[in-house]
Amino acid sequence: MTLKILKKPVVVPDLNYLQALPKGREHLSAKCFWVWPRRLFTEAADKGKSSFGYTHKLLRIYNLNASRSAVSGSLLDFCNDRITSKDVLDWDMVIDAELTQAVRNAAEWGETARFLSYVENINQQNAHKFNHFWMVLDFNRKTSKHKLPDTHRFLESIEADKNYITKKRAIENFIESTNYLGDDNVSADDVEADVDSTSPLITLWKIMLYIKLRWDTKPITDSELNDYDDIAYILISYLTGNIATADKALIRMIQVCAPNINFYPNTAIAQSA
């Protein structure tokens, strides 16, 4: 879907896409509206000694494209039943107006250091949420009894993995962890009945199962330690319908768990120009 009020495709860029833009060629397409995930800036701030350079470039690119850009809310903002991909999105549900203005001001005035401190403060305030996320994923991996059949080799075929990670299996995997916590009154049928089939929650649960099966299949790599970032990008682009990325691991996760997301640049966007 798109934010139809804009009458143009809405694209979510990830950090790798923006950082790869060469200096002097950093104008994003005016044929699209660009929703920058809030996580972009917190991910850049996590780059240690490189954080200033990453953030400075993001602000420079934003300043060049401010008229067709806005910053999204946090990951948790999209994990509720009020939002579905079949609706015309309410801006209040997608865009963080305060952060958008903060980014716009910092980009316009060149205040990279001050903005970086602002983002680092956000990171500190939300550190418990990040740690909780990893705890939930690890808990799900350790408590889920879900096992792949001998006939399925996970990570060997995108199509086979997509057909295996169904809505039903994703919900059942989620419910197993819920029941393990003692809430055994919850059933998969109850969840399926209560949650809209186009809710981002379904995609989130598919991703949780994907990560669990990936961890069961092979050791986690350094490149996969940014699952939190990838989930933020996927859930926002699930709502907007388009993502700009060259991250192979992220692309594969999308192809399996959220195949309706289009990759920019793509034919659909080009034809709508």
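**Figure 1. Charged side chains over tyrosine rings in the predicted model.** In this predicted model, R169 places its charged end over the ring of Y164, at 4.0 Å from the ring centre.

**Figure 2. The aromatic pair W34 and Y264.** Nine aromatic pairs are found in a search of the whole structure. In the pair of W34 and Y264, the ring centres lie 5.2 Å apart and the planes stand at 85°, so the pair is edge-to-face; the cut-off for this class is over 60 degrees. W34 belongs to strand β2 (residues 33-36), and Y264 to the loop between β5 (262-263) and α14 (267-272), so the contact ties together parts that are 230 residues apart in sequence. W34 has 0% relative accessibility and counts as buried. Y264 has 15% relative accessibility and also counts as buried, because the limit for a buried residue is under 20%.

**Figure 3. The stacked rings of W36 and F41 and their aromatic cluster.** The ring centres of W36 and F41 are 6.0 Å apart, and their planes meet at 10°, so this pair is stacked. W36 and F41 are both buried. One aromatic cluster is formed by W36, F41, Y62, F115 and Y118.

Figure 4. The buried residues are R39, L40, F41, T42, E43, A44 and A45. F41, one of these buried residues, is also the stacking partner of W36.

**Figure 5. Helix α11, end to end.** Helix α11 (residues 200-217) has 18 residues, which at 1.5 Å a residue should span 26 Å.

**Figure 6. The crossing of helices α12 and α13.** Two packed helices are described by the angle between their axes and the distance between the axes. For helix α12 (residues 227-240) and helix α13 (residues 248-257), the axes come within 11 Å and cross at roughly 50°. The two helices α12 and α13 are therefore oblique to each other. The crossing in which α12 passes α13 is right-handed.

Methods: Residues are numbered from 1 along each chain as its sequence is written. This is a predicted model: local features need pLDDT of at least 70, side-chain atom pairs count only at pLDDT 80 or more; totals for chains, interfaces and linings use all residues. Side-chain values use heavy atoms; hydrogens and water are left out. Rings of Phe, Tyr and Trp (its six-membered ring) pair if their centres lie within 6.5 Å; planes under 30 degrees apart count as stacked, over 60 as edge-to-face and the rest as tilted. Helices (H or I, at least four residues) and strands (E, at least two) are DSSP runs, numbered from the N terminus. Buried means under 20% relative accessible area, exposed over 50%, partly exposed in between (1.4 Å probe, protein chains only). A charge sits over a ring if NZ of Lys or CZ of Arg is within 6 Å of the ring centre and within 35 degrees of the ring normal. The expected span of a helix is 1.5 Å times one less than its number of residues. Axes are lines fitted to C-alpha atoms, for helices over the stretch in contact, and angles run from 0 to 180 degrees between N-to-C directions. Angles under 35 degrees count as roughly parallel, over 145 as roughly antiparallel, 65 to 115 as roughly perpendicular and the rest as oblique. A crossing is left-handed if the near helix is turned anticlockwise from the far one by less than a right angle, and right-handed if clockwise.
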